[in-house]
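Here is a short report on a protein chain. Look through the sequence and the model first, then read on.

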Amino acid sequence: MYSGQPVVMSVSESVKKNLIVVSNRLPLSVKRAPDGSYQSNVSSGGLVTSLSGLTKTTKFRWFGWPGLEVKEPSEIEEVKRSLGEHDAYPIFLSDELAHEHYNGFSNQILWPSLHYHSGVLFKDGPWEAYRKVNELFADSVAEAANDGDLIWVHDYHLMLLPKLLRERLAKQGKRCPIGFSLHTPFPAADFWRSLPVSAELLQGLLASNLVGFHTDEYKQNFINSCGLVLNADTTIPNKIQYNGRLILTDKFIVGIDPQKFVDTKQQPDVQNRISQLNERYKDIKVILGVDRLDYIKGLTQKLIGYDTFLDEHPEWRGKVLLIQVAVPSREDVKEYQELETEISTIVGKINGKYATPDSTPLLYLHRSVPFPELTALYSVADVCLLSSTRDGMNLVSFEYVACQQEKHGVMALSQFTGASAFMKDGAIIFHPANPKDISEAVNKALTMPEDQRKANYEKLKNFIEYNTSGRWGETFVGTLSGCAA
């Protein structure tokens, strides 16, 4: 049982213990080559980005679903071999089970509940699939864990896993500190309890020794939910007493590796691309949005707000361009297909209303953008506009700042992003549901004097350079190291 204050170990101390990282997907993509063999390549993603700094100081094993169904024993061994070269260990699921777990429950029931979307329809089938997948993960991780290993579980797909793991580890006589990090918001207690399985999910998390969130608000919502739904004792600050155990919960600010962007920006081809874009838009103010195509990102609200801006400020027509990158996401889910159709329609209406033979107010890219091109876009943009209706953190805001050493561009940020809790002193904060608020934020960003832009940039730069992905990982692992299993 954990007791006392959190102990943050140094990096040299923390790496003396083995670390097991568990997430729904492995940080590698596995594909079958024409010759029948399997090849593994490191993939991108928010969690991969956030843990990239930790890989420099810590060696760990990573457990997760490989992203494809493999049935033949010989092929299973081939996939294990390919992934094992990267210290990755696959947990195999059938396509049907993976779909019901990921799309059926995680993304159609749990994800909207975590982001304050009401009217979610609960179904037993997806819930049973969610339970089954968490059990399969628990079986694999418990079997592979050694006594004393640190286990770090990530995100909403695996909220039952800490409890299932603890039960299995106890039967095997293993004592392993378990940490859990949630990368989404955690809603207010009264909203959370509207989910029929809210108690079971909280019980799953409270088998951890340490539960981490991105902001104090999310942490406190979780603590309040444990008190309201489970009647847990929450009288000790940052701790929850439940079933004879004391669970530590805290805020851990996730970040990026800013140096990665600085180094990429200095590459000759990226410098050439920046020069091309600066020449192309020398008489245009560029507003940039980079988002997954997801209803929590507030893309429709952003476009309606931009339409309002062009309507209220005709002096900017022909002098401003919004480049909106919308990275495809969950394309097999109906709600996301409908969202893409809606956004495309609004884009067409805005361009139809304001475009001229000489200018277009909006450039919409519904695709992924290669990292060097994205770095160049970040570098030339005068404003970064992020309008999430709810967002765990939003690391795009950090990435933009990392590329703005010369231009000192302005960050315009929704108040419902986790990042706004930390960047409000150097950013323009607005309400994403109010088109006039977005319009005013855009106008303020475009007209901000250089001295104010530079002062704001310095605040944001200092923040992202201190709160890096490496520091986030090291701090969480160090705190978990101080927990007694």
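## Domains and their interface

Buried area is the accessible area, taken with a 1.4 Å probe, that two parts lose on being put together, summed over both. The structure here is a predicted model.

The chain is divided into two parts: domain 1 covers 17–254 + 471–482, and domain 2 covers 258–466. Their centres, taken over C-alpha atoms, lie 31 Å apart. Domain 1 brings 23 residues to the contact, and domain 2 brings 21 residues. Between them, about 1700 Å² is buried. Carbon and sulfur atoms give 59% of that area.

## What makes up the contact

On the side of domain 1, W111, V254 and R471 supply 27% of the area buried against domain 2, more than any other three residues. Six residue pairs are in polar contact across the interface. The count of salt bridges there is zero.

Helices α4 (95–114) and α9 (216–230) each supply at least two residues of the domain 1 side. The largest share of that side, seven residues, comes from α4.

## The open sheet

Eight strands form an open sheet with mixed pairing. Their order is β5-β4-β1-β6-β7-β8-β10-β9. The edge strands are β5 (88–90) and β9 (239–242). The twist averages 20° from one strand to the next.

Strands β6 (150–154) and β7 (178–181) run parallel and pair over four bridges. V153 stands opposite F180 in β7.

## Helices on the sheet

Helix α5 (124–144) packs on the sheet and touches β1, β4 and β6. Its direction makes about 160° with that of β4. Helix α6 (161–171) also packs on the sheet, touching β1, β6, β7 and β10. The direction of α6 makes about 170° with that of β7.

How values were computed
Residues are numbered from 1 along each chain as its sequence is written. This is a predicted model: local features need pLDDT of at least 70, side-chain atom pairs count only at pLDDT 80 or more; totals for chains, interfaces and linings use all residues. Side-chain values use heavy atoms; hydrogens and water are left out. Two strands pair if DSSP finds at least two bridges between them. Axes are lines fitted to C-alpha atoms, for helices over the stretch in contact, and angles run from 0 to 180 degrees between N-to-C directions. Contact means heavy atoms within 4.5 Å. Domain bounds come from an automatic or database domain assignment. A salt bridge is a side-chain nitrogen of Lys or Arg within 4 Å of a carboxyl oxygen of Asp or Glu. A polar contact is a pair of N or O atoms within 3.5 Å; within protein, one must be able to donate a hydrogen and the other to accept it, and residues adjacent in sequence count only if both atoms are side-chain atoms.
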